[in-house]
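Some notes on the model follow, as numbered points. They cover a helix pair, a residue and a sheet.

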Amino acid sequence: MTRLATIALLLLTTACSVSLQEERQMGQQYSAEINAQLPIVQDAEINRYVNVLGDSIANLADQRGLDYQFYVVNASDVNAFAVPGGFIYLNRGLIDRTTNLSQLAGVLGHEIGHVVRRHSVKQMQKAQGANVGITLGCILLQACTSEAASAAIQVGGAALFAKFSRDDEREADEEAVKNVIRAGIDPSGIPQMFQILLDERKARPDAVAGWFGTHPGEEERMGETTAMINQYDAAILKTLTVNSPRFTAFQARVRALPPAPPTRR
């Protein structure tokens, strides 16, 4: 490993050693490269909706002043991931499989939970290989040219940020329930989404392989999130939003996009 990589990894001995500004820099750098490599949907109405919805959850969930940004990836498989600094990505395939607003909000609340708990930063601590170390050195130490940073940051980072431990997933699920309730949205969409994906795995396993490859134990998590929700006052839960005409119009617009390009494996 290079000296630069060693220094960068030493800077990440603990997640708290990374300042908020450094987290923003990481996210901006990774997001720029991801956006250059993934087919990001450019439709203004789609992007406006997902950012308004995402901000309505993030602004109440995260008090650190991060400028969250939400992107829809033009990919038909089911996946979502969060990059440090508040950059959230949703595949159109995931949006297509939802049946109401609360399910999409639950996914957003979960990914926001990963950012709030700094799980993505922790993942970078565990990452192996010189490329990741060089990338961190470029970002944290500002010691590389933009060309070197671009060469070091690969879209494989999306996979890195999608793979969390069981404890991390449980924490993000807890955050998701709290986050959507704060935003006035029914949390029942969270276990509903798990059930939708489990049903689809039986019918079309390839369509959700990415999600289940990075989100283990869905059956258990469905039961756990239901138990979390049952701790809240049923009378309050009945007042929360399940669906809206704006969500229906948003989903219809996503579904009307030209077919997604083939997924690169």
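1. In this predicted model, helix α3 (residues 44-61) packs against α10 at an angle of about 110 degrees, and the two axes are 8 Å apart. Angles of 65 to 115 degrees count as roughly perpendicular, and α3 and α10 are therefore described that way.

2. On the α3 side, the contact is made by Ile-57, Leu-60 and Ala-61; α10 contributes Asn-179, Val-180 and Arg-182. By class, the residues of this contact are four nonpolar, one polar and one charged.

3. Helix α10 spans residues 166-182 and includes Glu-175. Is Glu-175 buried or exposed? Its relative accessibility is 6%, and because buried means under 20%, Glu-175 counts as buried. Apart from neighbours within four places in sequence, Glu-175 contacts Gly-109, Gly-113, Val-116 and Arg-117.

4. The sheet is open and has three strands, ordered β1-β3-β2, with mixed pairing. The edge positions belong to β1 (69-73) and β2 (80-83); each has a single partner strand, so one side of each lacks a neighbour in the sheet. On average, neighbouring strands are turned by 20 degrees against each other, direction ignored.

5. Strand β3 (residues 87-91) pairs with β1 in the parallel sense, over five bridges. In one of these strands, β3, Asn-91 is the bridge partner of Val-73. Helix α2 (residues 20-37) packs on the sheet and touches β1, β2 and β3. The direction of α2 makes about 30 degrees with that of β3.

Key: Residues numbered from 1 in each chain as written. Predicted model: local features only at pLDDT ≥ 70, side-chain atom pairs only at ≥ 80, totals over all residues. Heavy atoms only, no water. Helix = DSSP H or I, 4+ residues; strand = E, 2+ residues; numbered from the N terminus. Buried < 20%, exposed > 50% of the residue type's maximum accessible area, 1.4 Å probe, protein only. Contact = heavy atoms within 4.5 Å. Pairing = 2+ DSSP bridges. Axes fitted to C-alpha atoms, helices over the stretch in contact; angles between N-to-C directions. Parallel < 35°, antiparallel > 145°, perpendicular 65-115°, else oblique. Nonpolar A, V, L, I, M, F, W, Y, C, P; charged D, E, K, R; others polar.
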